[in-house]
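Please read the following account with the model open beside it, moving from the place where two parts of the chain meet to individual residues on either side.

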Amino acid sequence: MSNIGSYEERIEGFDWSLSEKELEYTPGDRINIGWYCTDRICRMGKADKTALIWEGLGGASRTYTFNDIRLAANTIGRFLRDLGIADQDRVCLFMDKIPELYLGFLGILKIGAIAQPLFSAFGDESLLVRLENAETSAIITQRKHVSKVRKIRDRLPHLKHIIIVDYDGRKPLQEREQAFSLDDADPVEELEVFPTEAESPSVLHYTSGTTGMPKGVKHVHYSLIAQYLTAKWVLDLQDDDIYWCTADPGWVTGTSYGIIGPWSLGITQCVLDCGFSAAAWYRFIEKHRVTVWYSAPTAIRSLMRAGEEVVKDHDLSGLRHLASVGEPLNSEAVIWSGKVFGKPFHDTYWQTETGVIMIANYPGMKVKPGSMGKPFPGITGVILDPVSHEPIAEAGKIGLIAFKPGWPSMMRTYWNNEATYQAKFVNNWYLSGDRASIDNEGYFWFVGRDDDVINTGGHLVSPFEVESALLEHEAVAESAVVSKPDEVNMEVVKAFVMLNPGFEPDAELELKIMNFIRKKLSPLAMPQEIEYVESLPKTRSGKIMRRLLHAQEWGEEIGDTSTLEDE
Ligand code: WT7
């Protein structure tokens with residue numbers, strides 16, 4: 001029997017107080033995610049249960065019980081507090097998927113500070129804009145990433161502490177740097193948890209839009225109420241499960257469902273910190289007898305490409321429930337997984353802003369391959385007419401995905417950017433920025449984004465950010481960035497570039513520009529192709545018409561070009 005039981009029955013009279021009761025939370029009480037994921041689980045008699053099974057490069061591995069993660073979070077929390085980190089100060093986590101990332105996250109929350117996880121593959125420019133915007137006080141990082149922080153620290157007056165978790169004493173520490181080793185520090189048995197309340201800020205995740213700088217999505221401790229229940233009902237996590245979420249906590253999936261959801265339920269989870277290979281993934285599932293697996297379409301498509309033979313080399317019979325998020329999950333992938341794993345991947349849809357899964361295929365409910373499923377109980381999801389912003393009743397008609405605001409883990413604002421936050425609402429609907437239709441059985445079918453943001457392998461990339469970075473290259477006069485189709489990643493970044501006089505439009509320069517972006521922004525944002533052009537299509541007001549270039553890449557109708565400058 002699945003945790004959710006009957007979806008229809010759960011919808012009936014649903015109230016979030018159900019989750020509050022299970023978590024023994026009464027409105028007005030203090031609520032701290034760090035405490036819930038550690039101390040509470042220990043008090044429930046699970047102190048010796050395994051919380052984390054971690055594997056890293058070269059066969060390194062570690063196992064932590066719930067008491068171990070409680071102590072580690074206390075120890076990191078105390079260290080930060082002793083440095084002078086106060087409640088609501090932003091502390092950035094800038095690490096690979098090493099244990100300190102997970103344990104540091106909980107430590108930051110326990111002292112009431114705000115955790116700001118950033119993807120460790122980010123280059124210095126990506127890091128700079130996010131630390132500047134958040135006025136971050138401290139960053140916790142590793143030796144291998146510290147050079148990127150050193151490059152920008154002079155432009156970050158608020159950044160008082162650069163904490164290195166694997167300092168080996170070989171080279172001297174530089175200004176503002178400190179070493180902290182979880183293995184060497186005295187474990188802190190009792191830490192006074194900061195008395196955070198429902199609306200106290202907890203996590204700041206940065207996400208990319210079409211225009212402007214990345215936006216800091218502010219979440220609060222009360223988000224736990226929804227993270228707990230969605231993890232329980234959608235991922236169907238049960239006491240004896242071994243759960244694997246493949247997402248990096250630099251992104252929201254890796255915190256909502258790679259830390260908070262499973263650990264607030266007292267579930268054992270595993271983490272694999274190494275590059276992708278089908279054989280390595282299957283070996284990991286086999287070795288740890290993974291039962292619940294939450295992954296992403298790009299990974300699933302890569303596994304499909306690797307073929308069925310490699311599946312047969314492994315015993316994956318422990319797998320009980322599979323789910324996916326981040327980009328459209330094509331029906332072929334759902335059917336393939338049913339064939340080779342004996343279980344379909346269940347698609348789930350949500351966003352950094354929503355904090356939790358909003359639409360899903362639930363255990364026990366009929367999976368329609370290619371559909372995202374139905375709204376979570378308590379969530380009102382509709383398709384709005386793009387012009388009137390009224391809900392569309394007609395089945396199959398495409399419009400904007402919108403939600404009635406007010407669920408526990410809805411973002412509370414964009415950091416320092418209330419105007420952009422307000423612009424996400426019309427007629428008291430939260431606009432997701434995606435387009436879809438609903439069929440006559442209430443299933444949602446994703447169509448596409450309603451903006452120019454590129455979703456490459458489940459990661460959002462802002463064309464504006466890439467264009468701005470391109471302009472900083474000496475050879476680039478002007479550029480326009482769009483997506484182009486890709487078999488595995490669905491879309492990848494493509495840049496159209498007008499060169500400055502004196503530069504040769506050749507392959508060597510193309511590679512140089514690609515690398516420039518990879519280092520400055522990230523490997524995700526790096527254009528996979530650069531097309532040299534003599535001019536770029538613009539509107540009469542001088543705005544580059546990405547829409548036209550996009551249509552060209554995807555072989556689509558170009559549509560209305562009446563505002564084009566050169567027709
Ligand atoms: C955007 C949100 C929180 C999930 C990780 C990404 C796209 C997400 C699906 C899906 C089609 C999806 C949407 C959404 N997306 N899930 N199941 N099918 N598209 O979080 O970085 O905030 O991206 O990812 O476009 O708006 P994010």
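In this predicted model, the side chains of Lys520 and Glu125 come together in a salt bridge, with 3.6 Å from N to O. The count of such bridges between domain 1 and domain 2 is 3, and across the same interface 10 residue pairs are found in polar contact, both partners having a pLDDT of 80 or more. On the side of domain 1 that touches domain 2, helices α7 (124–134) and α12 (297–306) each supply at least two residues, and the largest share, 5 residues, comes from α7. Sorted by class, this side of domain 1 holds 8 nonpolar, 11 polar and 6 charged residues.

The division behind this description places domain 1 at residues 7–436 and domain 2 at residues 454–554 of the protein chain. To the contact between them, domain 1 gives 25 residues and domain 2 gives 22 residues. The two domains bury about 1800 Å² between them, and 55% of that area lies on carbon and sulfur atoms, while their centres, taken over C-alpha atoms, are separated by 30 Å.

Is Glu478 buried or partly exposed? With a relative accessible area of 23%, Glu478 is partly exposed, because the buried class requires a value under 20%. Its side chain is joined to that of Lys538 by a polar contact of 3.0 Å. Once neighbours within four places in sequence are set aside, the residues in contact with Glu478 include Leu471, Phe496, Val497, Met498 and Ile544, as well as Lys538. Leu499 stands 21 residues away from Glu478 in sequence, yet the two are 7.1 Å apart in space, from C-alpha to C-alpha.

Which side chain makes a polar contact with the side chain of Asp434? The partner is Tyr349, at 2.6 Å. When residues up to four places away in sequence are not counted, Asp434 also touches Gln351, Gly399, Leu400 and Ile401, together with Phe446, Gly448, Arg449 and Asp450.

Conventions. Residues are numbered from 1 along each chain as its sequence is written. This is a predicted model: local features need pLDDT of at least 70, side-chain atom pairs count only at pLDDT 80 or more; totals for chains, interfaces and linings use all residues. Side-chain values use heavy atoms; hydrogens and water are left out. Buried means under 20% relative accessible area, exposed over 50%, partly exposed in between (1.4 Å probe, protein chains only). Contact means heavy atoms within 4.5 Å. A polar contact is a pair of N or O atoms within 3.5 Å; within protein, one must be able to donate a hydrogen and the other to accept it, and residues adjacent in sequence count only if both atoms are side-chain atoms. Domain bounds come from an automatic or database domain assignment. Buried area is the accessible area (1.4 Å probe) that two parts lose on being put together, summed over both. A salt bridge is a side-chain nitrogen of Lys or Arg within 4 Å of a carboxyl oxygen of Asp or Glu. Helices (H or I, at least four residues) and strands (E, at least two) are DSSP runs, numbered from the N terminus. Ala, Val, Leu, Ile, Met, Phe, Trp, Tyr, Cys and Pro count as nonpolar, Asp, Glu, Lys and Arg as charged, and the others, Gly among them, as polar.
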